[in-house]
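Please look over the chain below before reading on.

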Amino acid sequence: MEFPNKGIVHIDGEKVVIKNGIPGQMVRFGISKRRKGKCEARLIQVLEPSPLEVPESRCVHAGICGGCLYQGLPYREQLQIKEQQVRKLLDGAVEPGSYVLEPIKGSPLAEAYRNKMEFSFGDAYKDGPLALGMHKRGSFYDIVTTRDCRIVHPDFCRILTETLEYFRELGVGYYRKLQHTGYLRHLLVRRGVKTGEILVALVTSGQVETLPSGEEALLEGWRDRMLGLAPEGAFAGILHIRNDSLADVVQSDSTEVLWGREHFFEELLGLKFKITPFSFFQTNSLGAEVLYDTVRSFVEDAAAGGTREPVLFDLYSGTGTIAQVLAPVADRVIGVEIVEEAVEAARENAALNGLTNCEFIAGDVLKVLDSLTDRPQLVILDPPRDGIHPKALEKIGDGIQPRRMIYISCKPTSLARDLVPLQAYGYQVERVCCVDMFPGTGNVETICSLRLEK
């Protein structure tokens, strides 16, 4: 879900691109790369804020935490900046004025909107006290304890604070990434916005010999501290995940349920979804409703004479949320996704929602397309942030040649790049709409409708 948060200045005829700046700021920066006529720079210090910024609206962790770049801007300014940046990117790939850029749609919640956070254990500085939160901006090691994060529900902050205090009291150490020693790695928290159900998982290494006492009693004590919190929501499950991978990622070698169950439920547009610790699900539930409702309106407008689609492909379908939202407007929906766990979740959720016209296939889109005999008139593309493989684009645009495509992008630079070959295959960009799923950050989702002209 990356977006190019970059400012540009010109010095002695050379273009200098500065990442993580806001329009109107006066900054001190350092050159990190230099190429012909272009330099890349890192932001060192903000000397004067932008006239657009409202300092009192910023989170107490702003400027230190590596998260929300735009939080000091009024929300309407954030939306305007994102829309302008998307227009600039698209106008570099599509003839300006040949398509309609609809007004950007904001998130129903500008704060406390995230339904998932992965907090890291570490220290705020070398050999400092135990910390739990987000990585400090520009640092691989230092951790900012985000007790007052503004983009999550207060339940997240309560769980973080109680967990940190518990392990500080007992003197339990964190996992050191270079030495590969220690116990505490991450705290995973997921919370349904609609249901209020909470799933919390403590992620540790298996190095129990580093603990000051036995692991079983330690985990039971943490579980009891969680159950004593009385959050606004309700715990669905409290888990212990063991991860002995050398990589600094949240994954599971084994999962133990300390209390409750290994999943929680969330609702979108009248559908119910079962979500496990590692299920992909949009991190802004209410924003996802805006996104998917907009996609559905694009599909309905693209349907010839308002008729149902005989068959619809949902490529890069993830856990099948879009496929299920679109099930009422098609006789059959075929989703293709490379992650087998996501496909299993899609099938289970479709059954949960009583949908019998959704089929999900596990495999690489590039390969699966060769085995599909259907030739749909409408294809939904929702690729990962790096976009679509050029050969897959060719198989879709020059092989299947659907009458319409709807491309949903979480990285507008990838969308702009992929639109160039799609236009060469005869597709014309008709409508574009941005949906802000990530208030306070520079990221945005973009929906693009294309029609085959040749």
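## Charges

In this predicted model, the 53 positive and 61 negative charges of the chain have mean positions that lie 5 Å apart, where Lys and Arg count as positive, Asp and Glu as negative, and His and the chain ends are not counted. Each charge is placed at NZ of Lys, CZ of Arg, CG of Asp or CD of Glu.

## Basis of the model

Residues are numbered from 1 along each chain as its sequence is written. Because the model is predicted, local features need pLDDT of at least 70 and side-chain atom pairs count only at pLDDT 80 or more, while totals for chains, interfaces and linings use all residues; side-chain values use heavy atoms, leaving out hydrogens and water.

## Overall form

The chain has nine helices and 21 strands, which are DSSP runs (H or I, at least four residues, for helices; E, at least two, for strands) numbered from the N terminus. Its radius of gyration, taken over C-alpha atoms, is 23 Å, close to the 22 Å that the globule rule (2.2 Å times the number of residues to the power 0.38) gives for 454 residues, so the chain is as compact as a globular protein of that length.

## Interior

Of the 454 residues, 53% are buried, meaning under 20% relative accessible area with a 1.4 Å probe, protein chains only.

How values were computed
Buried < 20%, exposed > 50% of the residue type's maximum accessible area, 1.4 Å probe, protein only.
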